[in-house]
Structure formats: structure tokens, C-alpha cells
Amino acid sequence: MSDGGDGAGRDRRQLERLTFFSDAVFAIAMTLLVVEVKLPHLDHPDGTALAQALANLIPNYIGFLVSFLVLGRFWLVHHEVMGLLRAADRRLTTVNLLLLLGVAFMPFPTAVISEYVQLRVGIGFYTGWLIVLGILNRQLILRIVAAPELLDAGLTAADMRPFLRRSWTAIAIGACAFAGGMVTWVAALVVLTVGSPIITMVIGRYAARPVAAAG
């Protein structure tokens, strides 16, 4: 009895360390996004010049906002999923580390799209990385589905199905934005800003459907 209790406590502490570390990586990455919104430097400062310089930073504002919301969405899911666990095995820790790698790298694609939003390569690089993040997030959830013994008592792999369905959201947004960006950069920004919540809502409604009804 004592060994079992000690083992459960150790598993819980290890899971808490993993969660705290993950939260720290998310927080740092989300904070670094604002670095790309640089203060304008004017040779001859006046109101008109400053207004124009601030207007020129609109792509940077959009890049920061979109990426912050993207990472925020990933963090919310990560936070919720980790709250369902009682332990973490080595494979889950490895998959989680790969997801954090993608999160930590996110400020760079954000800098690329902020600076080169009108170029297909810039759009493709950013949306491609968004797809990679979505795939890594999905792998994390798939690992939990494959190891239901990591879940808290009373929970089964079936309880992860809504998360598994919702994990298509970032992939769908990235794919749609990539396709639109290959036509025009404006289409990509429309998908990332206006289309993103619509795609999230549609997939969210599908994810909430009962398993039997969804087939």
C-alpha cells in the first residue's frame, strides 16, 4: 500500500514538473512574439511621420496577434489535457518536448511573415509551421489515446476523442491559409484572422458531437 502511494505521488510530481516546464516554454514563446513589433526610429520625428511609421507596422501587429492567439489556443488545449492525466511516461514526455520545440520556434516564422507577408515563401513558411505545430499537438493527444493508463481514474481513451477531433483545427487553418496564400497574401491573412475562428467553431461543434452520432 505504501509503495503504491509513493509511486502515485512520484508520478504526480513528475507530471507537475512536465506541466510547469511546458507552461514556461509557452509563456516565453508568447512573450518573445512582441519583439518583432519594433519601436519606429525617425530621423525627423513629427506626428505625421510617426503615424506613417506605426501604420507601416500593421503586418507586425497582425503577426503578433495571430501567433499569440495560435499559441494561446495550443496552451489552452495543453493545459486541459494535462489536467486529465495522473502520470506521464517517457514517450509522452518525448512527444511533449517535440511540441515545445515547435512552440519555442514560433517567434521566427512570425518574424518572417511580419517582414515578408507579401511573398508566397513567407506565407508558406508561416502556415507550414502552423501545420507542423498542429501535427505535433495531435501526436501528443494520440499518445494519450494509446496509453489510457496515464489518465486519471474513471477516464478512458474515449474521453480523449473530442480533443482528437479538435486537434485538426490548427492543421485545417494552416492548410487553408497556405492554399489562400498561394493565390494572394491577402487571402492568407483573411483565413488567419477572420477564417480562423470560423474554422475553430465548425470543428469544435463536430468535436462536441456524441461518438455514436458522429459515426
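Guide: The model is a predicted one. The axes of α3 and α6 come within 12 Å of each other and cross at roughly 5°.

Visitor: How are α3 and α6 oriented to each other, roughly parallel or roughly antiparallel?

Guide: Two packed helices are described by the angle between their axes and the distance between the axes. The angle here is roughly 5°. Angles under 35 degrees count as roughly parallel. The orientation of α3 and α6 is therefore roughly parallel.

Visitor: Which residues of α6 make the contact with α3?

Guide: On the α3 side the contact is made by Val66, Ser67, Val70, Leu71, Phe74, Val77, His78 and Val81. Their counterparts on α6 are Tyr126, Leu130, Leu133, Gly134, Asn137, Leu140, Ile141 and Ile144.

Visitor: Which residues is Pro109 in contact with, leaving aside its neighbours within four places in sequence?

Guide: Pro109 lies in helix α5, residues 107-115. With a relative accessibility of 0%, Pro109 counts as buried. Beyond the neighbours within four places in sequence, the contacts of Pro109 are Phe125, Tyr126 and Trp129.

Visitor: How many Å apart in space are Pro109 and Val70, C-alpha to C-alpha?

Guide: Val70 is one of the α3 residues in the contact with α6. In sequence, Pro109 and Val70 are 39 residues apart. In space, their C-alpha atoms are separated by 12 Å.

Visitor: How many salt bridges are there?

Guide: The criterion is a side-chain nitrogen of Lys or Arg within 4 Å of a carboxyl oxygen of Asp or Glu. Asp89 with Arg143 meets it at 2.3 Å, Asp152 with Arg12 at 3.1 Å, and Glu80 with Arg166 at 3.7 Å. By this rule the count is three.

Visitor: Is Arg143 buried or exposed?

Guide: Arg143 lies in helix α6, and its side chain meets that of Asp89 in a salt bridge. Asp89 lies in the loop between α3 and α4, so the pair ties together parts that are 54 residues apart in sequence. The relative accessible area of Arg143 is 14%. Buried means under 20%, so Arg143 is buried.

Visitor: Which residues is Arg143 in contact with, leaving aside its neighbours within four places in sequence?

Guide: The salt bridge already gives Asp89 as a partner of Arg143. With neighbours within four places in sequence set aside, the contacts of Arg143 are Asp89, Arg91 and Leu92.

Visitor: How many residues apart in sequence are the parts tied together by Asp152 and Arg12?

Guide: The side chains of Asp152 and Arg12 meet in a salt bridge at 3.1 Å, N to O. Asp152 lies in the loop between α6 and α7, and Arg12 in helix α1, so the parts they tie together are apart in sequence by 140 residues.

Visitor: What is the relative accessible area of Arg166?

Guide: Arg166 forms a salt bridge with Glu80, the closest N and O atoms being 3.7 Å apart. This pair links distant parts of the chain, with Glu80 in helix α3 and Arg166 in helix α7, 86 residues apart. Glu80 is partly exposed at 39%. Arg166 is also partly exposed, with a relative accessible area of 30%.

Visitor: About how much accessible area does the nonpolar patch on the surface have?

Guide: The patch is formed by Val186, Val190, Val194, Ile198, Met201 and Val202. Among them, Val190 is found in helix α9, residues 185-207, and is partly exposed, with a relative accessible area of 43%. Together the patch residues have an accessible area of about 500 Å².

Visitor: What percentage of the contacts in the chain with a separation of 6 or more is between residues 24 or more positions apart?

Guide: The chain has ten helices and zero strands. Buried residues make up 40% of its 215 residues. Among the contacts with a separation of 6 or more, the share of residues 24 or more positions apart is 77%.

Terms used: Residues numbered from 1 in each chain as written. Predicted model: local features only at pLDDT ≥ 70, side-chain atom pairs only at ≥ 80, totals over all residues. Heavy atoms only, no water. Patch = residues over 30% accessible without salt bridge, like charges linked within 9 Å, V, L, I, M, F, W, Y side chains within 5 Å. Areas by Shrake-Rupley, 256 points an atom, 1.4 Å probe, with all protein chains shown as cover. Helix = DSSP H or I, 4+ residues; strand = E, 2+ residues; numbered from the N terminus. Buried < 20%, exposed > 50% of the residue type's maximum accessible area, 1.4 Å probe, protein only. Axes fitted to C-alpha atoms, helices over the stretch in contact; angles between N-to-C directions. Parallel < 35°, antiparallel > 145°, perpendicular 65-115°, else oblique. Contact = heavy atoms within 4.5 Å.
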